[in-house]
Amino acid sequence: RIVGGRPTEAYDYPWMAGLLYKGALYCGATLINDRYVVTAAHCVDGLDMESIHVLLGGHDLENVKEEELELRAVVRMVKHPKFEPKTFNNDIAILQFDEPIPFSRLIGPVCLPQSDIDYAGKVAVVTGWGRVNETGNISPILAQVEVPIYTNEACQKTKYGKQAITENMMCAGYDHGELDACQGDSGGPLHLEGKDRKIDLIGVVSWGQGCGREGYPGVYTRMGRYLKWIAENTPDACYCGRRQGRTGD
C-alpha cells in the first residue's frame, strides 16, 4: 500500500491493475486501452511471461467478488529497449492481454497525457496495494495518497543527487517524507486531473530510497516522454474516451 495514505472507494480507479507472478500480487499496472497495461520495466525484467497475469476490477483483495474481476494472461511483453536496470532510466513496459477487456463501471482505461507537460507544483495521486511501510505487509484495500510534484532541478538537489535523476523521471512527495509509494506499488499509476477534468496517467511508480524517508521523494517514470513509443507498440487497441472524474477526493 501507499505509506501515509488512505483507502480508496470502490470503482474510483477502474484502470488500476495488479500484476500476479505465479498467483501472488507483486506490482501494479495501469489499463491504458482494451488490450494493454503499462507498468514498470523492472516489474517484468527477467521474469517468465507465462507466469505473469494481470488482475483488473480489484479493490478489496480480501473480499473479492469473483464476478467483478478479470484475470488475463500476457501474450506479449515489451520492455523499453533502453531500460537500464541499474539506474531505472526508461523504466517502462507494456503488457498485452490474450483477449480484449470489456469496459464497465468497474474496469476502464485511464487517459494518456497529450504531450510532455511540466507538472511541477501540481498535486498528483498515486495508488497501489503495496506495503504500508518499509517492513510492513501489503494492503488488501487499494490505497491512495496525494503527492506534490517536484521540478527535476529540485529533485536533483535532494539526497538522490544530480546524477540519479534523469529527464525521463519525475519526483513527487514531501521533503519531510511520510507520504509515499512503497514496495508492491511499483508499476502503478501517478495520476493528475487535466484541464478538461479527464484523468491523465502522468507517471509510473519506479523507484526510491526506502518509503517515505526524509529527503527521498518517490521517483516515477515520466509518461509524457513515451507517448510515441506507446502508440507504436499498441496499434490495435481502443483508447480512452477522455474519461471524466477527479483524483483528489
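Reader: What should I know about the model and its numbering?

Author: This is a predicted model, in which local features need pLDDT of at least 70 and side-chain atom pairs count only at pLDDT 80 or more, while totals for chains, interfaces and linings use all residues. Residues are numbered from 1 along each chain as its sequence is written, and side-chain values use heavy atoms, with hydrogens and water left out.

Reader: How many helices and strands does the protein have, and what makes a run of residues count as one?

Author: Three helices and 13 strands are found.

Reader: Why is Thr30 called buried?

Author: Buried means under 20% relative accessible area, exposed means over 50%, and partly exposed lies in between (1.4 Å probe, protein chains only). Thr30 has 0% relative accessibility, so it counts as buried. Its place is in strand β3 (residues 24-31). Contact means heavy atoms within 4.5 Å; leaving aside neighbours within four places in sequence, the contacts of Thr30 include Trp15, Tyr36, Val110 and Leu201. Of the 249 residues of the protein, 54% count as buried.

Reader: What makes the pair of Phe88 and Trp207 stacked?

Author: Rings of Phe, Tyr and Trp (its six-membered ring) pair if their centres lie within 6.5 Å; planes under 30 degrees apart count as stacked, over 60 as edge-to-face and the rest as tilted. The structure holds five aromatic pairs. In one of them, Phe88 and Trp207 have ring centres 6.2 Å apart and planes at 15°, so the pair is stacked. The two residues are 119 residues apart, with Phe88 in the loop between β6 (70-79) and β7 (93-97) and Trp207 in strand β12 (residues 199-207). Phe88 has a relative accessible area of 24% and is therefore partly exposed, whereas Trp207, at 17%, counts as buried.

Reader: What makes Asp45 and Lys79 a salt bridge?

Author: A salt bridge needs a side-chain nitrogen of Lys or Arg within 4 Å of a carboxyl oxygen of Asp or Glu. The closest N and O atoms of Asp45 and Lys79 are 2.5 Å apart, and the pair forms a salt bridge. Asp45 lies in the loop between α1 (41-44) and β5 and Lys79 in strand β6, so the bridge ties together parts 34 residues apart in sequence. Asp45 is partly exposed at 31%, as is Lys79 at 32%.

Reader: Why does the pair of Asp116 and Arg225 count as a salt bridge?

Author: The N to O distance between these side chains is 3.9 Å, and they meet in a salt bridge. Asp116 lies in the loop between β7 and β8 and Arg225 in the loop between β13 and α3 (227-233), so parts 109 residues apart in sequence are tied together. Asp116, Glu167 and Arg225 are linked in a network of salt bridges. The count for the structure comes to five salt bridges.

Reader: How do you know that β8 pairs with β9 and with β11?

Author: Two strands pair if DSSP finds at least two bridges between them. Six bridges join β8 to strand β9 (residues 143-148), and two join β8 to β11; both pairings are antiparallel. Val126 has Val145 as its bridge partner in β9 and Leu190 as its bridge partner in β11. These strands belong to an open sheet of seven, in the order β1-β9-β8-β11-β12-β13-β10.

Reader: Why are β1 and β10 called edge strands?

Author: Strands β1 (6-7) and β10 each pair on one side only.

Reader: What makes strand β8 largely enclosed?

Author: Five of the six residues of β8 (residues 123-128) are buried, so the strand is largely enclosed by the rest of the structure.

Note on methods:
Helix = DSSP H or I, 4+ residues; strand = E, 2+ residues; numbered from the N terminus.
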